[in-house]
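I opened this entry to record what I looked up in the model. The notes follow the order in which I consulted it.

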Amino acid sequence: MEIGSEGKRSHKGRGKQFSNPEEIDRQMKAQREKEENEGAERGSSSESEEESSSDDEPKKKGIEGLIEIENPNRVSQKSKKVVEIDVNAPKELSRREREEIEKQKAKERYMKLHLEGKTDQARADLARLAIIKKQREDAARKRDELRKEAEEAKSKR
């Protein structure tokens with residue numbers, strides 16, 4: 001025996017016990033009878049249970065029934081009936097959800113103003129585009145003048 005085992009022995013090396021078929025049949029019959037008896041008792045006593053369980057409080061375990069405890073952090077889960085649930089009632093959003101929705105609305109408002117050209121960034125973009133357009137027009141005009149001069153130079157030769 002090991003020093004720290006305190007009388008517990010392992011079952012290694014012992015012979016295996018097999019139950020014979022008669023024993024298995026006897027156990028199964030006993031279990032079926034027990035289930036049938038419980039089912040019959042439940043059927044007859046279900047009416048009395050419904051009357052006694054009219055209180056919505058669950059059965060208290062251990063010493064809860066003896067001591068009244070008021071825990072402000074404990075939230076009891078009360079199941080609501082389908083009739084009591086109001087689907088159309090506004091759902092309270094969490095802080096994160098509210099902030100996310102506000103952020104999304106602000107972004108949409110900004111994009112609307114940006115497309116109308118009322119934001120500073122939109123004005124800067126439009127000014128930059130106007131400058132680029134003017135530069136391209138000047139470059140195109142210079143190319144036309146150079147091409148005309150080149151054609152005139154060719155025609156003079």
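Where does I67 lie? I located I67 in the loop between helix 1 (21-52) and helix 2. The model is a predicted one, and I read every entry below with that in mind.

**Overall fold.** I found three helices and zero strands in the protein chain, in the order α-α-α along the sequence. Of its 157 residues, 3% count as buried. I noted an accessible surface of about 16900 Å² for the chain, with 50% of it belonging to carbon and sulfur atoms.

I returned to I67 and looked up its exposure. Together with I63, L66 and I69, I67 forms a nonpolar patch on the surface. I recorded about 460 Å² of accessible area for these four residues together.

**Helix 2.** I checked the span of helix 2, residues 95-116. Its 22 residues reach 32 Å from the first C-alpha to the last, close to the 32 Å expected at 1.5 Å a residue. G117 follows the helix, and I noted that its phi is positive, near 85 degrees.

I then turned to T119, which is placed in the loop between helix 2 and helix 3 (120-156). Is T119 buried or exposed? T119 counts as buried because its relative accessibility is 9%, under the 20% cut-off. Leaving aside residues up to four places away in sequence, I listed Y110, L113 and H114 as the residues that T119 touches. With H114, the side chain of T119 makes a polar contact, side chain to side chain, at 3.3 Å.

Note on methods. Residues are numbered from 1 along each chain as its sequence is written. This is a predicted model: local features need pLDDT of at least 70, side-chain atom pairs count only at pLDDT 80 or more; totals for chains, interfaces and linings use all residues. Side-chain values use heavy atoms; hydrogens and water are left out. Helices (H or I, at least four residues) and strands (E, at least two) are DSSP runs, numbered from the N terminus. Buried means under 20% relative accessible area, exposed over 50%, partly exposed in between (1.4 Å probe, protein chains only). Accessible areas come from the Shrake-Rupley method with a 1.4 Å probe; for residues, only the protein chains shown count as cover. The expected span of a helix is 1.5 Å times one less than its number of residues. Patches are made of residues with over 30% relative accessible area and no salt bridge: like charges are joined within 9 Å, nonpolar side chains (Val, Leu, Ile, Met, Phe, Trp, Tyr) within 5 Å. A salt bridge is a side-chain nitrogen of Lys or Arg within 4 Å of a carboxyl oxygen of Asp or Glu. A polar contact is a pair of N or O atoms within 3.5 Å; within protein, one must be able to donate a hydrogen and the other to accept it, and residues adjacent in sequence count only if both atoms are side-chain atoms. Contact means heavy atoms within 4.5 Å.
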